[in-house]
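Hi everyone, thanks for coming. I'd like to walk you through one model today, so let me put the sequence and structure up on the screen.

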Amino acid sequence: SAMLLGPTETVFNNDSIDIDFRIESDNADYAFFVQGSDGFVGLGTAPDVELHLKQTNDHPELKFENSKTATESGDFLGKILFHGNDATTNASGDRAFINAAIATTSGACALSFGTANNGAAVAERMRVTPSGIIGMGASGSGADLGIGLHIRESDSGASVDAWADALVLEGSADSGMTICSGTGSDGSINFADSGDNDAGRV
């Protein structure tokens with residue numbers, strides 16, 4: 001049958017045949033659409049992927065909302081999980097994520113990104129703090145992170161000096177930076193100010 005009415009559920013297309021399900025709204029033929037051939041869902045369009053959003057003459061938006069009226073550090077406004085089912089030992093489950101993480105009781109929010117290595121659990125690898133600092137392997141306070149990009153292999157125990165805090169490379173042992181150039185080409189670091197884009201060079 002096209003529809004089954006049960007005591008605990010209502011099933012459309014109960015016979016599992018290729019029939020589309022479509023809801024119209026004002027001037028929108030495909031306000032909500034489930035494609036019978038593959039189960040793809042479209043909002044504003046007939047879908048060509050599993051979930052397809054289309055806004056006529058504008059950009060579509062996707063919103064995640066936490067209804068809690070007193071958020072605090074440790075709460076999340078939204079989370080996207082990437083899940084695998086690999087049968088190899090310790091290879092299935094959530095393998096990556098993107099989190100919108102509340103940092104204070106005043107609404108400050110960070111974005112954190114996690115990945116999983118071979119046979120390991122997913123863990124945070126990068127964070128954009130509420131003030132826009134990017135930490136790779138580093139997610140501490142502003143004084144510890146600097147103000148720009150902080151790449152941390154492991155914790156050195158050192159704080160970041162305000163004179164040199166735009167780019168920080170950190171490790172508990174030897175740390176360094178490599179500039180790779182093609183054969184016969186130079187590698188350099190330039191120094192510039194508002195009056196000279198090549199005031200100095202190393």
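Let's begin with Ser 185, which is partly exposed, because its relative accessible area is 46% and the label covers values between the two limits: buried is under 20%, exposed is over 50%, with a 1.4 Å probe and protein chains only. You'll find Ser 185 in the loop between β13 and β14 (190-193). Strands here are DSSP runs of E with at least two residues, numbered from the N terminus. Ser 185 and Lys 54 are 131 residues apart in sequence, and their C-alpha atoms are 47 Å apart in space.

A word on the ground rules. This is a predicted model, in which local features need pLDDT of at least 70 and side-chain atom pairs count only at pLDDT 80 or more, while totals for chains, interfaces and linings use all residues. Residues are numbered from 1 along each chain as its sequence is written, and side-chain values use heavy atoms, leaving out hydrogens and water.

Now to the seven-stranded sheet. It is open, has mixed pairing, and its order is β7-β8-β9-β10-β11-β12-β13; to count as a pair, two strands need at least two bridges found by DSSP. At the edges stand β7 (76-85) and β13, each with a single partner strand, so one side of each has no neighbour in the sheet. From one strand to the next, the twist averages 15 degrees, using axes fitted as lines to C-alpha atoms and angles from 0 to 180 degrees between N-to-C directions.

Let's step through part of that order. Strand β10 (residues 123-128) runs antiparallel to β11, with three bridges joining them, and Met 126 sits opposite Met 136 of β11. Next, strand β11 (residues 134-136) pairs with β12 in the parallel sense, again over three bridges. There, Ile 134 faces Leu 149 in β12. Then β12 and β13 run parallel, joined by four bridges. Leu 149 stands opposite Leu 167 in β13, and the bridge partner of Ile 151 in β13 is Leu 169.

For strand β13 (residues 167-170), Val 168 and Glu 170 are on the covered face, and Leu 167 and Leu 169 on the uncovered one.

So, is His 150 buried or exposed? His 150 counts as buried, because its relative accessibility is 0%. This residue lies in strand β12 (residues 149-152). Its side chain joins that of Glu 170 through a polar contact of 2.7 Å; such a contact is a pair of N or O atoms within 3.5 Å, and within protein one must be able to donate a hydrogen and the other to accept it, with residues adjacent in sequence counting only if both atoms are side-chain atoms.

There is also an open sheet of four strands, with mixed pairing and the order β3-β4-β5-β6. Its edges are β3 (21-25) and β6 (51-53), each with a single partner strand, so one side of each lacks a neighbour in the sheet. Here the twist averages 25 degrees from one strand to the next. Within it, strand β4 (residues 28-34) and strand β5 (residues 41-43) run antiparallel, joined by two bridges, and Val 34 stands opposite Val 41 in β5.

Thanks, everyone!
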